[in-house]
Amino acid sequence: MNRAVSGITGKRKRPADALLYLVIGLFTAAVFAMTVYFAVYIFVKGCAGITFALLTTAPNPIIRTIGILPAIINTAYIILLTLAFAVPVGVGGAVYINEYAKSGKLIRVIEFTTETLSGIPSIIFGVFGYVFFCVFLNLKVSLIAGALTLTIMVLPTIIRTAQEALKAVPLSYREGAAGLGASKWYMIRTILLPNASSGIITAVILSVGRIVGESAALLLVAGGSAMYLPKGSFFEQIKNSGSTLAVELYRYAYSRGENEVGFAIAALLLIIVIGLNLSVKLIGKRLKGGAK
Amino acid sequence: MENSIVRAGRSKAPVETVMNVIFLICGLAAVVSVVLISLYMVFSGAPAIAKIGPLKFLAGQIWNPEASEFGILPLILASVTATGLAVAVAVPAALCVAVFLTHVAGRRTAAALLFIIELLAGIPSVVYGLMGAILIVPLVFKAQTALGLPMSGSLLAAAIVLVIMILPTIISVSAAAINAVPEQYNDVSLALGSSKMQSIVHAIIPAAKSGIASGVVLGVGRAIGETMAVMMVAGNAPIMPELLKPARLLTVGISMEWAYSSGLHREALYGVGLVLFAFIMIINVLLSSVLKKGGAKR
């Protein structure tokens with residue numbers, strides 16, 4: 001029992017409390033100081049390396065110049081392809097869970113597998129993608145194989161985010177549509193999806209973040225270098241192998257010791273990630289404002 | 001009686017059925033993916049393990065593809081050690097930050113800090129790898145020269161990078177768990193005369209236990225599956241793990257030699273993939289049982 005309590009309203013300072021506050025404050029300060037230090041370090045080292053020539057040329061081994069335009073194009077292609085596959089399937093899956101599925105068991109199975117998918121590390125997706133898409137479906141090591149692999153990787157994000165958005169659409173909207181004689185698909189198309197659109201956009205943004213940052217899986221299924229600008233059309237190009245920005249960062253910094261290029265790409269990736277995070281925040285804020 | 005409503009319903013019926021089926025297929029995409037991944041991991045990984053011999057593969061201490069020696073015990077131990085170390089350091093730190101976010105910081109500060117945490121979670125792993133190689137590996141060099149060891153990437157550097165990488169996961173999950181503890185727990189504890197800190201330590205954190213545990217398990221999963229960042233700092237020699245010596249983790253075991261492997265060597269890499277996959281599945285089952293337990297209590 002506390003011996004030193006001076007009365008019911010008397011506040012006794014416990015030294016243990018002060019110590020804990022100190023520890024908590026120190027850890028928090030350390031974590032955030034480190035994060036800020038990292039970000040500043042990358043920007044300071046990287047931004048100097050982001051030159052116009054780097055962004056707009058292909059690497060030329062003969063005159064020893066480095067350019068990341070091919071990697072930028074590959075990244076854009078993979079983002080487009082992955083979203084083209086993953087958004088319809090993911091949103092469709094969310095619609096199924098939320099609007100169609102009647103058996104609780106099936107919903108639980110879908111939700112459990114979605115959870116499982118999001119816990120599988122990217123290197124496993126890489127091995128699977130290689131064996132299934134590159135070898136079994138004979139797509140070779142290519143951008144399209146990379147995009148298909150990434151489709152499975154971002155599926156959980158899209159399903160979960162879209163599901164949240166669908167859940168937020170009031171039940172009365174559905175009842176109103178049904179009462180006016182709308183069929184289910186008509187109701188989904190004209191009422192549900194438009195009302196869930198900002199949630200779906202959030203899902204897209206989160207997926208883009210994941211795709212841009214992905215490296216381990218793409219290294220196995222989409223190839224490890226980006227030397228040439230695309231010659232053919234989009235659909236010819238996606239059959240070729242090619243690396244994205246993140247994979248190029250690895251290649252330059254780790255395999256070739258070109259740290260300046262590595263930092264330039266890192267700064268670029270960081271700018272993209274911050275931009276994406278900010279836009280998710282903005283959309284969230286707008287949603288909350290709209291709800292009031 | 002045929003009226004326009006019945007007719008309209010009938011004419012729309014095929015579209016409705018088709019859409020129903022399409023949505024069902026989309027809904028099953030995740031299930032199909034998990035089944036396919038599991039099957040392919042087993043069918044591509046198991047033959048090599050059978051050929052090499054499960055015991056020789058899992059407990060063999062030498063990995064030397066040229067001599068057809070495929071023992072992955074060093075890889076397994078390196079993964080387990082690095083993950084264990086990273087989690088041991090990250091969990092207390094993350095808990096402190098989570099408590100700070102939920103009970104010490106004001107609402108605005110907490111929102112700003114949470115944004116930084118989300119940013120930390122969104123940074124690509126290659127960027128962590130680069131930072132580790134430039135900032136952390138040289139720090140370990142100092143310890144290595146002091147002890148007369150050759151300077152190289154090391155298990156310690158990998159563990160430090162992993163700490164930073166799993167912090168955001170554990171912080172955001174435990175902060176959410178702490179936030180979900182009903183207000184009354186805190187009120188009752190305060191009314192009984194405990195200080196704010198006492199009620200955090202003795203009432204709130206115990207109540208958020210299962211949520212925090214799931215954050216830890218997620219962190220373990222993230223650490224054991226991390227590839228690129230670790231590859232860029234760990235030195236990658238397949239030797240039995242020692243803190244200040246280079247180490248090759250399971251994930252790195254796959255990606256390192258992927259490009260130039262073929263035949264039994266490639267199959268052995270599939271085998272490594274299967275072992276890693278088994279680890280992840282165990283973690284997943286653990287996670288869902290933790291969550292279930294937490295759910296049952298409430």
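**Figure 1. The contact between chain A and chain B in a predicted model.** The contact draws 70 residues from chain A and 65 residues from chain B; two residues are in contact if their C-beta atoms, placed from the backbone, lie within 7 Å. On the side of chain B that touches chain A, the elements giving two or more residues include helix H1 (4-52), helix H3 (73-104), helix H9 (209-225) and helix H12 (263-297) of chain B. Helices (H or I, at least four residues) and strands (E, at least two) are DSSP runs, numbered from the N terminus. H1(B) supplies the largest share of this side, 21 residues. By type, the residues of the side of chain B that touches chain A are 46 nonpolar, 15 polar and four charged. Here Ala, Val, Leu, Ile, Met, Phe, Trp, Tyr, Cys and Pro count as nonpolar, Asp, Glu, Lys and Arg as charged, and the others, Gly among them, as polar. This is a predicted model, in which local features need pLDDT of at least 70, side-chain atom pairs count only at pLDDT 80 or more, and totals for chains, interfaces and linings use all residues. Residues are numbered from 1 along each chain as its sequence is written, and chains are lettered from A and ligands numbered from 1 in the order in which they are written.

**Figure 2. Helix H3 (residues 69-100) of chain A packed with H1(B).** Axes are lines fitted to C-alpha atoms, for helices over the stretch in contact, and angles run from 0 to 180 degrees between N-to-C directions. The two helices, H3(A) and H1(B), are therefore roughly perpendicular to each other (angles under 35 degrees count as roughly parallel, over 145 as roughly antiparallel, 65 to 115 as roughly perpendicular and the rest as oblique). Among the residues that meet are Val89(A), Gly92(A) and Tyr96(A) in H3(A), and Phe23(B), Leu24(B) and Gly27(B) in H1(B). The residues of the contact of H3(A) with H1(B) comprise 11 nonpolar, four polar and no charged.

**Figure 3. Pro121(A) in a loop of chain A.** Pro121(A) sits between helix H4 (104-119) and helix H5 (122-136) of chain A. Is Pro121(A) buried or exposed? Pro121(A) is buried, because 23 other C-beta atoms lie within 10 Å; a residue is buried if 20 or more other C-beta atoms lie within 10 Å of its own, exposed if 12 or fewer, and partly exposed in between, with C-beta atoms placed from the backbone. Apart from its neighbours within four places in sequence, Pro121(A) is in contact with Gly225(B), Glu226(B), Thr227(B), Thr251(B) and Ile280(B).

**Figure 4. The elements of chain A.** Chain A has 13 helices and zero strands. Its radius of gyration is 25 Å, well over the 19 Å that the globule rule gives for 292 residues, so chain A is more spread out than a compact globule. The radius of gyration is taken over C-alpha atoms, and the globule rule is 2.2 Å times the number of residues to the power 0.38. Of the 292 residues in chain A, 45% are buried.

**Figure 5. The elements of chain B.** Chain B holds 12 helices and two strands. Buried residues are 49% of the 298 residues of chain B. The mean pLDDT of chain B is 90, and 98% of its residues reach 70 or more; pLDDT is the predictor's confidence in each residue, from 0 to 100.
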